[in-house]
Amino acid sequence: MPLYAYRCAAGGSSGFTCAGFEVQLAMGSAPASLPCPVCGAPARRRFTAPNLSRSSSSAYRLIESTQRSAAEPAVVRSPGPVSGARPAGNITSNPLHRKLPRPD
């Protein structure tokens, strides 16, 4: 669902200007004005640039799985390899990697 931005033009009773706020509504159902959550005065909808991303769908899958794993961690069926053991097959042949710092 898209986010719609609103800005309150009226100030509160102390004369300050309320900050803008965003509301998540179904597409096309956003009214032209909403009551300000701070002072209750009508806040007009602002037109902002769309939040477009050039990320691939694999990047979105990674983000979603990361967020999902925070609330629903994966179940571990067995302990991992013994600490200190290096996994076989993860040796690089790139000569530039030799210049990287190594742990002592």
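Modeller: Before anything else, note that two strands pair if DSSP finds at least two bridges between them, where strands (E, at least two residues) and helices (H or I, at least four residues) are DSSP runs numbered from the N terminus. This is a predicted model, in which local features need pLDDT of at least 70 and side-chain atom pairs count only at pLDDT 80 or more, while totals for chains, interfaces and linings use all residues. Residues are numbered from 1 along each chain as its sequence is written, and side-chain values use heavy atoms, with hydrogens and water left out.

Colleague: Which strands does E1 pair with, and in what sense?

Modeller: Strand E1 (residues 3-8) runs antiparallel to strand E2 (residues 21-24), the two being joined by four bridges, and E1 also pairs in the antiparallel sense with strand E4 (residues 42-46), again over four bridges. On the E2 side, Tyr-6 stands opposite Phe-21, whereas on the E4 side Ala-5 has Arg-46 as its bridge partner and Arg-7 has Arg-44.

Colleague: How many residues lie between E3 and E4 in their hairpin?

Modeller: Six residues lie between them, and Gly-40 in the turn has a positive phi of about 85 degrees. Strand E3 (residues 33-35) meets E4 in the antiparallel sense over three bridges, with Leu-34 bridged to Ala-43.

Colleague: Which residues make up the largest nonpolar core?

Modeller: In soluble globular proteins, nonpolar side chains tend to be buried together. A nonpolar core is here a set of buried Ala, Val, Leu, Ile, Met, Phe, Trp, Tyr and Cys residues joined through side-chain atoms within 4.5 Å, and buried means under 20% relative accessible area, exposed over 50% and partly exposed in between, with a 1.4 Å probe and protein chains only. The largest such core has nine residues, namely Tyr-4, Tyr-6, Cys-8, Cys-18, Phe-21, Ala-30, Cys-36, Ala-41 and Ala-43, and E1 gives the most to this core, with three residues. Of the 104 residues in the protein chain, buried ones make up 11%. Ala-30, a member of the core, touches Tyr-4, Tyr-6, Leu-25 and Arg-45 when residues up to four places away in sequence are not counted, a contact meaning heavy atoms within 4.5 Å.

Colleague: How many aromatic pairs does a search of the whole structure find?

Modeller: The search finds one, formed by Tyr-6 and Phe-21, which are stacked at 5.7 Å centre to centre with 15 degrees between the planes. The pair links distant parts of the chain, since Tyr-6 in E1 and Phe-21 in E2 are 15 residues apart, and both are buried. Rings of Phe, Tyr and Trp (its six-membered ring) pair if their centres lie within 6.5 Å, and planes under 30 degrees apart count as stacked, over 60 as edge-to-face and the rest as tilted.

Colleague: Are Cys-36 and Cys-39 buried or partly exposed?

Modeller: Cys-36 is buried at a relative accessible area of 5%, whereas Cys-39, at 29%, counts as partly exposed. A search of the whole structure finds zero disulfides, a disulfide being a pair of cysteine sulfur atoms within 2.5 Å.
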